[in-house]
Amino acid sequence: MDGRTVLVTGGNSGIGRATAAGIVKLRGRVILACRDRSRAEEAARDLRQQTGAHGSQLVVKQLDLASLTSVRTFCQEIIQEEPRLDVLINNAGVYQCPYTKTEDGFEMQFGVNHLGHFLLTHLLTDLLKRSAPSRVVVVSSRLYKHAHINFEDLNSEQSYDKAFAYSRSKLANLLFTCELAHRLQGSGVSVNALTPGIVRTNLGRHVHVPVLAKPLFDLLSWGLFKSPEEGAQTSVYLACSPDVDGVQGKCFADCKPQDLLDKATDQEVASKLWDISEVMVGITT
């Protein structure tokens, strides 16, 4: 990865941080795009100590995916400052939070996990094309299986179930991967997704575990859940490995291609979701 620049959203903790560490160890240059700049700076200091990276190898940028204004400002800065972008890893996510809305009025999980990354990728696509061969890596979840896309209530205003809303956002990630891969065929930009499995991260901070059950839950999580480093292996693989040169529109788990349910690769639904997402984030073509 020497000489290559990789942008990781949500790179200050969990899988994103472990992904950044893995890429830096391969001599790549990483831009940590994070909502909380101070926490990101702290993570960057720790990563430099952990990996021996020099200062310019890890760059911290503020990005709030719950704000379309923030996404646009961030992308303007990246386009002005970066001569190339070799890999974009859409990693950041909100998990099963109580019903809240983004700055622009979208349900938080759909707004951050799907729409924020949708606009981010759209605005950086020209830079990725100029840097070809380049890659887009989308972090989804096997929980997509429990969802469907209800075009009549994308904003969860008729009803809200936090687990369903998360699963729906992860299904949207896969449909986005499917449609983006189709649109970028032949451009030199490859697009693939992954499901990392169950990983010990702070993503589940909104999930309530009874006090009496917490010691048992913690013990089980250490025994059964992946470490962030294990969870990040497929992200690093899709960002760096020559094995996936030219691979397009696939989903991987444990560094191997996976078969998806038909609803995650439905071209008609993917195209419709794309068109509606463009309207929602204000893209005019």
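Residues are numbered from 1 along each chain as its sequence is written, and side-chain values use heavy atoms, with hydrogens and water left out. Because the model is predicted, local features need pLDDT of at least 70 and side-chain atom pairs count only at pLDDT 80 or more, while totals for chains, interfaces and linings use all residues.

**A buried helix**

Helices (H or I, at least four residues) and strands (E, at least two) are DSSP runs, numbered from the N terminus. A residue is buried under 20% relative accessible area, exposed over 50% and partly exposed in between (1.4 Å probe, protein chains only). Helix 8 spans residues 233–240, and seven of its eight residues are buried, so the rest of the structure largely encloses it. Those buried residues are Thr 234, Ser 235, Val 236, Tyr 237, Leu 238, Ala 239 and Cys 240. They pack against several elements, including helix 1 (14–25), strand 4 (87–90) and strand 5 (134–139). Contact here means heavy atoms within 4.5 Å.

**Nonpolar cores**

In soluble globular proteins, nonpolar side chains tend to be buried together. A nonpolar core is a set of buried Ala, Val, Leu, Ile, Met, Phe, Trp, Tyr and Cys residues joined through side-chain atoms within 4.5 Å. The largest such core has 52 residues, and Leu 7, Phe 74, Leu 120 and Leu 124 touch the most other members. Elements that each supply at least two residues of this core include strand 2 (29–34), helix 3 (68–81), helix 4 (108–130) and helix 5 (162–183). Helix 4 gives the largest share, 10 residues. Leaving aside neighbours within four places in sequence, Leu 124 is in contact with Leu 7, Cys 75, Ile 78, Ile 79, Leu 85 and Leu 88. A second, separate core of 28 residues includes Met 1, Val 8, Leu 47 and Cys 240.

**Two helix pairs**

Axes are lines fitted to C-alpha atoms, for helices over the stretch in contact, and angles run from 0 to 180 degrees between N-to-C directions. Angles under 35 degrees count as roughly parallel, over 145 as roughly antiparallel, 65 to 115 as roughly perpendicular and the rest as oblique.

| Pair | Angle | Axis distance |
|---|---|---|
| Helix 1 and helix 8 | about 45° | 9 Å |
| Helix 4 and helix 5 | about 20° | 7 Å |

Helix 1 is therefore oblique to helix 8, whereas helix 4 and helix 5 are roughly parallel to each other. In the second pair, the contact residues include Phe 110 and Phe 118 of helix 4 and Phe 176 and Leu 180 of helix 5.

Most residues other than glycine have a negative phi, and most peptide bonds are trans. The peptide bond from Ala 132 to Pro 133 is cis, with omega near 5°, and Pro 133 is in the loop between helix 4 and strand 5. Ser 156 has a positive phi, near 55°, and lies in the loop between strand 5 and helix 5. At 8% relative accessibility, Ser 156 counts as buried. Asp 254 also has a positive phi, near 50°, and its place is in the loop between strand 7 and strand 8 (256–258). With a relative accessible area of 46%, Asp 254 is partly exposed.
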